[in-house]
Amino acid sequence: MRSLLRTLDAATLRNVALVCVADALVGASFGAIAVSGGLPLWVPVVLSVLVFAGGSQFAAVGVVLSGGSALAAVATGLVLNARLLPFGFTVADLLDGPWWRRLAGTHLITDESVAFALLQPDRRRRRAVFWLCGLALFLIWNASVVLGAAAGSLIGDTDVLGLDAAFPAVLLALVLPSLGDRRTRTAALAGAALAVAATPFLPGGLPVLLALVGLLLTWRGPVAVPAGAPQAGAPRRGGPEPAGAERPAGAVEEAH
């Protein structure tokens with residue numbers, strides 16, 4: 001751990017610390033809401049250790065507390081965690097060493113650890129900040145979930161503290177950065193409208209999965225090439241030859 005700290009500059013360490021503080025608050029609210037909603041204390045604790053993905057944990061527990069099945073909760077969590085697949089390709093070069101170290105590294109892949117790694121100028125610093133951020137978040141997140149769950153069992157009604165707003169607030173925070181794209185925004189609004197319309201008729205958790213139909217609006221078909229447009233690798237008709245292009249044998253002699 002000391003070698004990781006020595007590798008990084010003070011500004012990066014400060015930013016990692018601030019992210020850890022923010023995640024601690026979210027983790028505590030997750031544990032408190034899960035337990036006060038009726039789940040046993042061990043459920044949010046084990047979920048945090050094994051899944052370690054705040055957005056998926058919030059979504060899965062939210063589905064269960066709203067009356068959805070465990071299968072719907074798992075499916076919702078898997079959909080949200082699908083974004084981590086390209087993250088794994090991005091940081092694959094940082095996860096070297098024996099298999100158990102690579103396995104531990106994959107468990108620490110989060111939005112924050114990958115984001116900090118991509119900001120670093122060289123592989124040595126990327127690797128250091130990935131492991132530092134990932135390990136720090138894992139420890140702080142799980143500790144805060146335990147404390148929040150213990151507090152939730154004592155408080156009973158978290159609505160008094162306004163913690164019931166944590167589920168939609170966290171999910172909204174995850175979605176907002178993607179809404180800058182018009183097609184994504186259209187798909188999200190269509191999916192939300194479909195889920196709201198289906199809520200009175202479907203069991204809890206299924207309207208959320210039905211909202212995925214909105215993703216069809218982001219599909220782009222094959223781009224049509226206009227007739228007569230030049231294709232890649234096709235010879236040019238007329239016009240000057242590109243600089244450096246080879247001329248056919250004998251062309252120079254014929255010119256003279």
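Read along the sequence, the protein follows the pattern α-α-α-α-α-α-α-α-α-α-α-α-α, with 13 helices and zero strands. Helices (H or I, at least four residues) and strands (E, at least two) are taken here as DSSP runs, numbered from the N terminus. This is a predicted model, in which local features need pLDDT of at least 70 and side-chain atom pairs count only at pLDDT 80 or more, while totals for chains, interfaces and linings use all residues. Residues are numbered from 1 along each chain as its sequence is written, and side-chain values use heavy atoms, with hydrogens and water left out.

**Overall picture**

- Of the 256 residues in the protein, 30% are buried, where buried means under 20% relative accessible area, exposed means over 50% and partly exposed lies in between (1.4 Å probe, protein chains only).
- Among contacts between residues at least 6 apart in sequence, 72% join residues at least 24 apart, a contact being heavy atoms within 4.5 Å.

**Helix 2 against helix 3**

- Helix 2 (residues 10-36) packs with helix 3 (residues 42-50) at an angle of about 140°, and their axes are 8 Å apart; axes are lines fitted to C-alpha atoms, for helices over the stretch in contact, and angles run from 0 to 180 degrees between N-to-C directions.
- That angle makes helix 2 oblique to helix 3, because angles under 35 degrees count as roughly parallel, over 145 as roughly antiparallel, 65 to 115 as roughly perpendicular and the rest as oblique.
- Helix 2 contributes Phe 30, Gly 31, Ala 34 and Val 35 to the contact, and helix 3 contributes Pro 44, Leu 47 and Ser 48.
- These contact residues divide into five nonpolar, two polar and no charged, where Ala, Val, Leu, Ile, Met, Phe, Trp, Tyr, Cys and Pro count as nonpolar, Asp, Glu, Lys and Arg as charged, and the others, Gly among them, as polar.

**Helix 4 against helix 5**

- The axes of helix 4 (residues 54-65) and helix 5 (residues 70-81) come within 8 Å and cross at roughly 160°, which means that helix 4 is roughly antiparallel to helix 5.
- On the helix 4 side, Gly 55, Ser 56, Ala 59, Ala 60, Val 63 and Val 64 meet Ala 72, Ala 73, Thr 76, Gly 77, Leu 80 and Asn 81 of helix 5, and by class this contact has seven nonpolar, five polar and no charged residues.
- Gly 77, which lies in helix 5, is buried with a relative accessible area of 10%, and its C-alpha atom is separated by 6.4 Å from that of Ala 59, 18 residues apart along the chain.

**Aromatic pairs**

- The count comes to four aromatic pairs, under a rule by which rings of Phe, Tyr and Trp (its six-membered ring) pair if their centres lie within 6.5 Å, with planes under 30 degrees apart counted as stacked, over 60 as edge-to-face and the rest as tilted.
- The rings of Phe 30 and Trp 141 have centres 6.3 Å apart and planes at 25°, so this pair is stacked.
- Phe 30 lies in helix 2 and Trp 141 in helix 9 (residues 123-155), so the pair ties together parts that are 111 residues apart in sequence, and both Phe 30 and Trp 141 are buried.
- Phe 52 and Phe 138 form an edge-to-face pair, 5.1 Å centre to centre with 80° between the planes.
- Phe 52 lies in the loop between helix 3 and helix 4 and Phe 138 in helix 9, so this pair ties together parts that are 86 residues apart in sequence.
- Phe 52 counts as buried, at 7% relative accessibility.
- Ring pairs also link Phe 30, Phe 58 and Trp 141 into a cluster.
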